[in-house]
Amino acid sequence: MAGLGGQPIVILKDGGRQESGKEAMSRNIMAARAVAKALRSTLGPKGMDKLMVDSIGNITITNDGVTILREMEVEHPAAKMVVEAAKAQNDEVGDGTTTVSILTGELLKGAEELIGDGVHPTMIVSGYRMAAEKAMEILKTMASKVSEKDRDLLEKISATAMTGKMAGKPDPKLIKYVVDMVLAVTDESDGKNVVDLDGVIVEKKSGESVDDTELIKGIIIDKSRVHSNMPKKVENAKIAILTASIESKDTETKAEINITSSDQFKMFATQEKERIKKVAEKVISSGANVIFCQKGIDELAQSYLAKEGIMAFRRIRKSDLKKLAKATGGNLITSLDELTPQDLGQAALVEEKKISGGKMTFVTGTKNEGMVSLLIRGGTPQIVDSLERALDDALHAVAAAIEDETLVAGGGSPEVELYLRLKEYASSLKGREQLAVDKFAEALEEIPKALAENAGFDSLDKLTEMRSKHEAGMKNYGLNAYTGEVVDMWEMGVVEPLRVKTQAIRSAADTANMILRIDNVLVAKRSEKPPGANAPMMGGMPGGMGGMPGMMGGMPPMM
Ligand code: ADP
Ligand code: MG
């Protein structure tokens, strides 16, 4: 009703801001593009790294898209949408996060140009949607089959995903480990491969070298035994997996006891001893010779257990207990009264080992298969961290390939092919969507362009060369980022799961479209400003991105 009399409708509380129309759109695009620009130089095997320093001074050196975005603390809502798209890509396919961000940024750049020429955003959204659909179709025709038996090909996928995430070329041993691990947790269900990456445990300890990274069929627990008189090694382990503590109930609940004489004290102490002994005996009588306990183990109980030759661990994470139960065939026990010999898990060996100063425990030869662990080693914490990220990308890529059984060549080859085919498709269209499909094609070509730029080659030369190969029907030709030659990526062994590409294109299109449909930004007044936080969510600073504390190395200017 209000507003009919010429009064504006006030829908924001005092201090809120509102931007609408072109202004809102262009700020949104600017902010989202800034995120994409920040990542562009990290794409591909020759991509540069970012050095990031967080608010308490921790250092991360990486070129992993999603890691950079996590550390950037992006504030602008539209920029956040790009970050969310990259995170979703990471969660769903584990690789291709930089690609999603670059594509989203380029799609928005194209849209901005069209809007400048008077094309309505709705038209662009519809054109982008059509182009994305078409791209899916084309990609499917380009894909090849891979079976889980094709080790050679799986290792290539592993290597491609790891490439560029660590200094130099990926380590051949790590490439193999990734495939071993994924195959160890692959099962068939209804004729389809299902990979359960929860069965893969990755632990890291800095020290030694990458070459000392070890694959273990079993479980690594980052803990040492509770008592030095316990054995360091138990063969034919019968394992009790407890979420209950091994303590006297009374001390645990901290009941108040009034002691008035020394006799009373002695009596209490004896009773307490008896109680603890009884508790320990419950575990001993089950026949267990190894105990993993989520909670505490009383000191006295520890020495009883040690006397019996039992190896015990306390304060074990619940998630680790679950993994132990799964691998050893044991049951999680919530009350010691319920513990029976049938609940014990089995493993050929439980052994505590010294690992550069610290101690870790290895549970191997477990009753059930389907659980593997990797202990990552490397000179510094930064090295083991970056190896962990590289391995994570590779694990997911190989898993996606085994589940979907489809692959495409990499090195920019699918994007060049899509560019040409989408241009063709665009010319078959009438109406303004044609313009949007054209821009979509151009956005895709930014991927090979960035790969070439980052490797230090003339990107236009390389694009021309790639296009002419593709026009001559050589669909798998892409850029060898090490030599600058345009070669058959399939032969070079640069291959990626189809899912990485389809998901990246789909979510870049969806994210760009989402941003293009916003014509109004309403921002409530902030109730409280965290110290040092600058500027409101929009407007304020150039590019509208808040807080990228301490990011150095190739942060592009914000337009
Ligand atoms: P993302 O986060 O998108 O996976 P990356 O930095 O991992 O970004 O780069 C991925 C791109 O690098 C893909 O297009 C992939 O095909 C390409 N790539 C990987 N290895 C090579 C190589 N040896 N030569 C050329 N391109 C490569
Ligand atoms: Mg990658």
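In the predicted model, the side chain of Glu496 places an N or O atom 2.8 Å from an oxygen atom of ligand 1. Thr98 also makes a side-chain contact. Here an N or O atom of the Thr98 side chain is 2.9 Å from an oxygen atom of ligand 1. Gly411 contributes through its backbone instead. A backbone N or O atom of Gly411 lies 2.7 Å from a ligand oxygen atom. Each of these distances falls within the 3.5 Å cut-off for a polar contact. Taken alone, ligand 1 exposes 580 Å². The protein buries 97% of that area.

The shell around ligand 1 comprises 22 residues. Glu496, Thr98 and Gly411 are among the closest, together with Asp95 and Thr99. By residue class, the shell divides into 10 polar, eight nonpolar and four charged residues.

The origin of the shell residues was also examined. Helix H4, spanning residues 97-116, supplies the largest share, namely three residues.

The space taken by ligand 1 is the largest pocket.

Notes:
Residues are numbered from 1 along each chain as its sequence is written. Chains are lettered from A and ligands numbered from 1 in the order in which they are written. This is a predicted model: local features need pLDDT of at least 70, side-chain atom pairs count only at pLDDT 80 or more; totals for chains, interfaces and linings use all residues. Side-chain values use heavy atoms; hydrogens and water are left out. A residue is near a molecule or strand if one of its heavy atoms lies within 4 Å of it. A polar contact is a pair of N or O atoms within 3.5 Å; within protein, one must be able to donate a hydrogen and the other to accept it, and residues adjacent in sequence count only if both atoms are side-chain atoms. Accessible areas come from the Shrake-Rupley method with a 1.4 Å probe; for residues, only the protein chains shown count as cover. On a 1 Å grid over the protein atoms alone, a cavity is a set of points where a 1.4 Å probe fits but cannot get out, and a pocket is an open set with protein on both sides within 12 Å along at least five of seven lines; lining residues have an atom within 4 Å of a point. A molecule sits in a cavity or pocket if more than half of its atoms lie within 2 Å of its grid points. Helices (H or I, at least four residues) and strands (E, at least two) are DSSP runs, numbered from the N terminus. Ala, Val, Leu, Ile, Met, Phe, Trp, Tyr, Cys and Pro count as nonpolar, Asp, Glu, Lys and Arg as charged, and the others, Gly among them, as polar.
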